[in-house]
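Please consult the sequence and the coordinates shown below.

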Amino acid sequence: MDIRKGGCNPIPISYLIQTANQFDCDIFVTNDNTTANLKRYDEMKRLNMWGFLTFCFKGSDENAAESRIHTILWKDTNR
């Protein structure tokens, strides 16, 4: 996802972390040069959440996690 293009809801990283921890799968987010575990506050606070971000979901409930994270990050542009 490219945050620079807009449409992303500004939300606290603590909310992202709480949401990620509701799932069993591993969730990582990478910017240009840093990868962080979305479930770890200390890693997320060092990550620049601006620009092009790549989210990686791996595990038994990865599809549900991806759907939920996508829902909280992006506004419904079809309204």
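At 1% relative accessibility, Cys25 is classed as buried, a term for residues under 20% relative accessible area, with exposed meaning over 50% and partly exposed in between (1.4 Å probe, protein chains only). The model is predicted: local features need pLDDT of at least 70, side-chain atom pairs count only at pLDDT 80 or more, and totals for chains, interfaces and linings use all residues. Residues are numbered from 1 along each chain as its sequence is written, and side-chain values use heavy atoms, with hydrogens and water left out.

**Cysteines**
- A search of the whole structure finds zero disulfides, a disulfide being a pair of cysteine sulfur atoms within 2.5 Å.
- For Cys25, which is in no disulfide, the nearest cysteine sulfur is that of Cys56, 9.2 Å away.
- Cys56 is likewise in no disulfide, and its relative accessibility of 42% makes it partly exposed.

**Sheet**
- Three strands form an open sheet in the order β2-β1-β3, with antiparallel pairing; strands are DSSP runs (E, at least two residues), numbered from the N terminus, and two of them pair if DSSP finds at least two bridges between them.
- The edge strands, β2 (35-37) and β3 (54-58), each pair on one side only.
- From one strand to the next, the twist averages 20°.
- Strand β1 (residues 26-30) is joined to β3 by five bridges, and the two run antiparallel.
- Thr30 has Thr54 as its bridge partner in β3.

How values were computed:
Helices (H or I, at least four residues) and strands (E, at least two) are DSSP runs, numbered from the N terminus. Axes are lines fitted to C-alpha atoms, for helices over the stretch in contact, and angles run from 0 to 180 degrees between N-to-C directions.
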